[in-house]
Amino acid sequence: MPDLPEVGVPAMRSDAAEPLYLDYAASAPPADEVVEAMLPWLRGQHANPHAEHWHGARAWRAIEDARESVAMLLGGDPEGVIFTSGATEANNLALKGLLGSSRSHIWLSGIEHKSLLEPARSLAEHGVGVTMLGVDVLGRIEASAMRAQLLSPNSAPGLVAIGHGNNEIGTIQDVATLAKVAHEHGHLLHVDASQTAGHWPLSASSDELDLVCLSSHKMYGPAGIGALYIDPILLPQLRPMIQGGGQQHGVRSGTIPPFLAVGFGAAAALAERAALKHRQHLQAMAAAFLAQLDAQGLVYSLLGDPVNRIPGHLSLHIPGVAADEVLARLLPHVSASTGAACASGELRASHALRALGLDESQARQVIRFSFGRSSRLQEAGEAAACLLEAIQRIHALERP
């Protein structure tokens, strides 16, 4: 790789400020409006929402209001909102709750989150059929290829489970088309929308989506709560994974924490009001970041679909430099993440990157930057400059 020209703006931050946070795809801090909504429920308004007294009834009304806000974000029925501890539990509940009895087959792709892949693997050990859907070089599931794979000897109704937006490469799937294909063959569609809810339009009111997974902390709500949305008609088919007091239609027992539910509801309401504005903002941040890299002649490739992608999400393959080394040199100036997964202390290619055809060496050269609502254009430029300088320093050390 040729030497990069000198960066035109100061790259490394000289002050003592904390690093720029560019890992919103991993977790987004709660919005101010969310925190304010939660505070009363962390203080004197707290009560068990399932208790049969005045304080319990007040907490229950707050939870039901939150349930309506989450349903409104999807255009769905509040009866179908099942609060969970997060997206991982929601995905497990969707797969394990529906498969193994009346539905005995699941289809999903090799780029899905582990909270879909691991339950599918566990179900396969108990006799559930699992078919892996292929993806193209941009990480898209093609409807024609999926239709061919659904035409299998197994005619029993099953479940297609896909991520709406991929957390590693950012590609957004055409769920409307994929839902049509699944329904043509009598199968249900479960969509993991933990990366896209509140950022990208998604509707459960048009008979497209049967089940949807949501994550509060990916949409500026509190961590520790998520939801599985299920078409209320399907509720009787959903077997519980957690049994106890029979809360939430008996599907998910346990005391619902009012402060978390209220925060989740506030985040959903905020997203429903300002989704387009925030989406455009995030796209502008990503465009400004890439524009500076292009202006300085950095050689890189953007993984995933360049158009239909999670707003503000950039998965960059930068040949010639190891991602972990770049990230180490970005600190303490920028917090980003690598496109590889660390297991047992060994850095290796993630399953999603391997599904795209990257080898071990290429996968170790992938860095993910993800912007958030509080990101600013100046910060996008500063982060790009930090990246360019980090790469320059790495190449300078490699010279004999």
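Analyst: A contact is counted when heavy atoms lie within 4.5 Å, and helices (H or I, at least four residues) and strands (E, at least two) are DSSP runs numbered from the N terminus. The model is a predicted one, in which local features need pLDDT of at least 70, side-chain atom pairs count only at pLDDT 80 or more, and totals for chains, interfaces and linings use all residues. Residues are numbered from 1 along each chain as its sequence is written, and side-chain values use heavy atoms, with hydrogens and water left out.

User: Which residues in H5 meet those in H6?

Analyst: From H5, Ala 143, Met 146, Arg 147 and Leu 150 meet Thr 177, Leu 178, Val 181, Ala 182 and Glu 184 of H6.

User: How should I read a sheet, and what is the strand order here?

Analyst: Strands of a sheet pair through backbone hydrogen bonds, either parallel or antiparallel. Here two strands pair if DSSP finds at least two bridges between them. In this model, four strands form an open sheet in the order E9-E10-E15-E12, and their pairing is antiparallel. Strand E9 (301-302) and strand E12 (337-338) each have a single partner strand and stand at the edges, so one side of each lacks a neighbour in the sheet.

User: How many bridges join E10 to E15?

Analyst: Strand E10 (residues 313-317) and strand E15 (residues 366-370) run antiparallel and are joined by five bridges, with Ser 315 standing opposite Arg 368 in E15.
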